[in-house]
Structure formats: structure tokens, C-alpha cells
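Look at the model below and follow its inner space, then its aromatic rings.

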Amino acid sequence: LPQVFALRPVYYREKASKMYNAMAFYAAMIVAEIPASLFNSIVSGSIIYVLTGLKPTAGAYFFFILAQIGFGLLVSAFAQFLALISPAIGIANLAFGLMISLMSLTAGFLIPKNQMPDWFGWFYWLSFIHYGLESMVINDLQGVGFSCPIQNGVPLGSVPVVVPGNVTRFYCPTTTGDGIIEAFAMNVGMKWPDVIIIYCAYLLFIILGGFACLLYTSDAADDLLCV
């Protein structure tokens, strides 16, 4: 967001000198963002993948990076769109923070989909965070097994339960990745469709940003970027 607003004086100067129109400037801004987004997604995604010990297969890794790249581009395009339609950086920051908070709340992690109230659950389908979360969780947890290693006679990460006879037993709360997927009401058939939706949403926000530039192209609208 700050970068978009920082470019406004440059745009005003170049527009006044008739160097290029709004769409040329917008296209350059979009293209310039792609290399940085790719680098950040690949580097940070690779580090996270190794450090967290996710599924050690090439297919799972490259799918994770593909989803990570798409999600990074989508968030960037969404932020740029909000910046283009906002008259001030304070309003853009407020709108971005509010929308990301709502999307995080309804992504299906903090509140599983099957536990959301009906009047609130519709936002689950609008939250692009849920598509990234669901695809990555399915990719790395489907078919994976877990166990609680024994240390000093007690399974690590286990849950103590008192059974009849006042005897304490320990059990692993999660033994399979499929159990986690089921607990969060995720659809295993949406692994690839979720990624496709992410990239389609990215293109959608690019198009909306372009329309914002065209609609607000006016000498009177000096508070907007593409004017």
C-alpha cells in the first residue's frame, strides 16, 4: 500500500507531461510487482516447508510453492486495488486490515466451516484465504500419519484422561492428517480447484484495478492514483 501511494507524485508529473496514459502506468506497476512476489514466495515458502517438516515429496513441495506464489500475487493485487480506489493511505490501510481480519476469521481455521453460523458462513466463500489454506492443508496432510513419541514413560503431546478406577491414561489427540482435514470440514476434492480459484481471483483484482484506473480518469479526481 505505501508503495502505491508513493508513486502518485510520479504519476501526476508524467501524466502532466503526456508521457503515458493510466493503463500503461497500471500495467507497469503490475508487472514490476511479479518478480518480487515470485522471489518472496519461493524463498519464504521453501524455508517454511523445510523447517516445518511438511510432506517430503517433490510433488507436494512444488504444489505448495505454486499455491504460495498464487496467494502472494493475489494478496498483492488485492492491496493494489484497495490503494487505487482509496483517497488516502489511512483509508486503504483500514480497509485492508478489516478485510484481511474478516477473511482470516472465516477461512475455516479459527472457526471450522461446519461451526460457522448461517448468517456469517457465507463470507467463508468470499474469503480467498480459505482457498489457500484448504489447498495447502490437503496437500501436506492427506494420507499422513502422526504419533506421540514416548519420553519418560509419557507420550509427548498426548492428552491425559482419567478412566474408571481413577486411572490416568494418555492418548494422541491426532493420529492422521485425514482426521485434521475432516475436523476442519475441508473438501479433499478441492485441492486443485482451490489453486485455480486463487489465480482466477488474482486476475479478477487486476481487472478491477484496471477498471478503477479507467473510471477515475479525470482531471478533477486528484485524490486518486490513476487520474
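**Cavity and rings**

The largest cavity holds about 40 Å³ of space. On a 1 Å grid over the protein atoms alone, a cavity is a set of points where a 1.4 Å probe fits but cannot get out, and lining residues have an atom within 4 Å of a point. The volume is the space filled by probe spheres set on the points, which are joined across faces, edges and corners. This is a predicted model, in which local features need pLDDT of at least 70 and side-chain atom pairs pLDDT 80 or more, while totals for chains, interfaces and linings use all residues. Residues are numbered from 1 along each chain as its sequence is written, and side-chain values use heavy atoms, without hydrogens and water.

The residues lining the largest cavity include I30, E33, L73 and Y202. Helix α4 contributes the most, 4 residues.

Helix α4 (residues 58–85) also carries F63; helices are DSSP runs of H or I, at least four residues, numbered from the N terminus. F63 is buried, at 4% relative accessible area, where buried means under 20%, exposed over 50% and partly exposed in between (1.4 Å probe, protein chains only). The charged end of K191 sits over the ring of F63, 4.7 Å from its centre; this requires NZ of Lys or CZ of Arg within 6 Å of the ring centre and within 35 degrees of the ring normal.

Notes:
Helices (H or I, at least four residues) and strands (E, at least two) are DSSP runs, numbered from the N terminus. On a 1 Å grid over the protein atoms alone, a cavity is a set of points where a 1.4 Å probe fits but cannot get out, and a pocket is an open set with protein on both sides within 12 Å along at least five of seven lines; lining residues have an atom within 4 Å of a point.
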